[in-house]
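I opened the model and worked through it piece by piece. My entries follow.

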Amino acid sequence: MAKVEFSNVKKFEEFLYLCGKCGDCSLAVKIATSKSPLSHPCAVKNVLGYEAYDARGRIIIIKNLLNGKLEVNDEILEWAYTCTTCGACRETCLAVEGGIDTPSIMEALRRDLVSQGFRIEKHLSILENIKKLDNPYGEPKEERLSFLGNELSNIPEKAEIAYFIGCTSSYRTKEIALAAVKLLKQLGVEFTVLRDETCCGSILLRYGYVDEARSQAERLVKRFNEMGVKTVIFTCPGCYRTFKKDYPEILGRELGFETLHLVEFLDNYLKDKNVAFEARKSEVVTYHDPCHLGRHLNVYEAPRNIIRLVNGLTLVEMETIKNFAHCCGAGGGVKSTFPDLALKVAKDRISEALETGAKILLSACPFCKLNLKQAANNGIRILDVAELLAETYVGEVVEVAPKVVEVVEVTPGMKLMDYLNEHVEIFKGLRVGCKFNYEIVDWKTQEPKLKFYVTVLESGERPKIKISKGVADNPDVTIIISEPAAEKLVECKERSEYAELFGNFFNEPTDEEYIDVILHRSTKELMKMGYGEFAREAGLI
Ligand code: SF4
Ligand code: SF4
């Protein structure tokens with residue numbers, strides 16, 4: 001076997017030796033945005049299970065390639081393309097400021113492999129497609145913009161703002177591009193599209209084909225410069241990252257125009273406009289952070305800001321979000337190289353989305369949408385933020401009544417609702433279907449202040465519950481809590497502390513701190529429902 005030169009990887013050599021093999025890139029403790037005490041950042045390792053797939057394993061393997069203890073073979077070649085370059089491992093790595101940059105190290109390795117003739121068969125046909133047809137999908141280049149139909153004639157050939165559609169939305173998720181075009185038109189934004197748009201070369205860079213990507217970059221930047229474009233808007237974070245980060249690096253110069261994702265553009269554009277968006281019905285939605293938009297370009301708030309503009313929607317966050325969000329599994333060339341792996345990773349992300357109770361999973365990436373949709377199998381609606389806004393757009397509100405700022409007092413009952421939502425472990429041991437009525441009362445007058453009920457939807461260590469305002473018919477237990485007792489309960493840090501205080505207020509109530517428990521079923525039946533576990537802990541039985 002010929003000696004392999006790892007000239008690109010060697011640029012990162014000092015970082016390979018700074019890795020302390022702590023394993024935080026695979027299993028980390030206490031993550032600020034995660035509700036769980038433990039986090040498993042690497043979505044690929046979570047599916048494949050072996051150390052070789054997380055950052056620590058990858059660094060060990062690369063060190064052994066550098067020192068000659070390992071040789072490049074087919075297995076190593078395939079392994080090099082199993083990393084989605086999502087960057088989640090960087091976020092939990094404390095070895096250096098910003099974390100060891102495993103995605104860049106993996107891309108450097110791929111560049112070294114490609115430059116020395118180690119190539120994956122599948123990649124060669126994609127390379128050929130881009131060369132001949134200007135897209136990786138092997139679709140006819142003359143059909144790239146055909147999805148726009150007559151709409152294309154309404155888009156000017158020149159404008160200061162250009163919308164770069166990208167290959168995926170031109171051929172696979174046309175609905176996103178159509179929604180973006182419709183939305184920009186609805187909002188009165190003057191924009192153009194490149195009639196001879198080609199692949200941006202993102203996939204080439206992710207595979208390690210830098211020279212080929214450079215020629216794509218040169219062509220596209222030249223075209224935008226010739227057209228006098230000042231801002232290019234993207235709906236694909238892959239294209240966006242490639243233009244914003246990779247092009248200046250591989251071209252060795254600035255682009256001469258600004259680049260923005262559509263969500264950033266809209267977040268700014270809509271700030272001083274009275275545009276209304278109205279959902280057809282009230283719905284809970286959740287948002288998946290695309291890795292190339294979030295971790296790679298630090299765009300977390302803009303998509304959330306614009307989702308919140310839509311009246312009628314409630315945004316509920318997933319277990320892992322923003323810089324700690326799990327990857328959907330499609331990036332870094334994984335979808336085209338190992339479609340089954342990409343799908344398995346996406347299924348994990350779908351499970352996280354379903355746990356929120358959301359009916360719509362939003363994202364801002366055609367590639368995420370494609371992969372998540374295949375994995376969801378109709379279990380949850382997957383929508384791009386561009387589609388959401390286009391379908392909920394009502395119009396500009398001409399006369400706006402002065403906004404009345406309603407000051408809502410956060411009552412002890414509301415605090416308890418929030419607390420129970422956070423501390424679902426209180427309902428551990430209960431069977432699915434148990435219903436608890438809560439009545440929060442004024443301690444002096446006994447007058448009810450708030451009534452709500454908890455329904456156990458899924459059992460487990462952290463059961464899934466639903467909290468609804470009102471009173472449940474035929475509850476298993478009704479709990480009447482004085483407001484001062486509710487105020488104290490929400491200060492408890494753990495279930496045991498909560499149970500002890502709950503029991504104290506029940507067994508030895510002071511005047512104002514009392515709890516009344518009304519059991520609606522026979523004690524035996526309640527034991528069977530799992531209520532006994534909490535009641536025993538609280539000293540009620
Ligand atoms: S890459 Fe960072 S987090 Fe992972 S083992 Fe090395 S030092 Fe620890
Ligand atoms: S970049 Fe993502 S897939 Fe690759 S090792 Fe890090 S966490 Fe795992």
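Helices (H or I, at least four residues) and strands (E, at least two) are taken as DSSP runs, numbered from the N terminus. I am working on a predicted model: local features need pLDDT of at least 70, side-chain atom pairs count only at pLDDT 80 or more, and totals for chains, interfaces and linings use all residues. Residues are numbered from 1 along each chain as its sequence is written, while chains are lettered from A and ligands numbered from 1 in the order in which they are written.

**Entry 1: positive phi**

I looked up Asn-378. Asn-378 sits in the loop between α18 (366-376) and β9 (381-384). Its phi is positive, about 70°, and it is not a glycine. Most residues other than glycine have a negative phi. For burial I used the count of other C-beta atoms, placed from the backbone, within 10 Å of a residue's own: 20 or more is buried, 12 or fewer is exposed, and in between is partly exposed. Asn-378 has 7 such atoms, so it is exposed.

I then went to Lys-322. This residue, again not a glycine, has a positive phi near 50°. Lys-322 is in the loop between β7 (310-315) and α16 (334-337). It counts as partly exposed because 17 other C-beta atoms lie within 10 Å.

**Entry 2: helix α10**

Does the span of α10 (residues 174-186) agree or disagree with 1.5 Å a residue? The expected span is 1.5 Å times one less than the number of residues. For the 13 residues of α10 that gives 18 Å, and the end C-alpha atoms are 18 Å apart, so the two agree. I listed the buried residues in α10: Ile-176, Ala-177, Ala-179, Ala-180, Val-181, Leu-183 and Leu-184. Gly-188 follows α10 and has a positive phi, near 75°.

**Entry 3: Tyr-438 and its strands**

I found Tyr-438 in strand β11. Tyr-438 is buried, because 23 C-beta neighbours fall inside 10 Å. Strands count as paired if DSSP finds at least two bridges between them. β11 (residues 435-441) runs parallel to β14 (residues 477-482), joined by 6 bridges. Tyr-438 has Ile-479 as its bridge partner in β14. On to β15 (residues 515-519): β14 pairs with β15 in the antiparallel sense over 5 bridges. There, Ile-479 has Val-517 as its bridge partner.

I also checked contacts, meaning C-beta atoms, placed from the backbone, within 7 Å. Leaving aside neighbours within four places in sequence, Tyr-438 is in contact with Lys-451, Phe-452, Tyr-453, Val-454, Ile-479 and Ile-481.

**Entry 4: the ligands**

A residue is near a ligand if its C-beta atom, placed from the backbone, lies within 6 Å of it. Around ligand 1 I have 13 residues, of which Cys-19, Cys-25, Arg-56, Cys-93 and Ala-95 come nearest. For classes, Ala, Val, Leu, Ile, Met, Phe, Trp, Tyr, Cys and Pro are nonpolar, Asp, Glu, Lys and Arg are charged, and the others, Gly among them, are polar. The ligand 1 shell has 8 nonpolar, 2 polar and 3 charged residues.

Around ligand 2 there are 17 residues, with Cys-42, Cys-83, Cys-86, Ala-88 and Cys-89 nearest. This shell has 10 nonpolar, 4 polar and 3 charged residues. Helices α3 (43-48), α4 (55-66), α6 (88-92) and α7 (102-115) each supply at least two of its residues.

Conventions
Contact = placed C-beta atoms within 7 Å.
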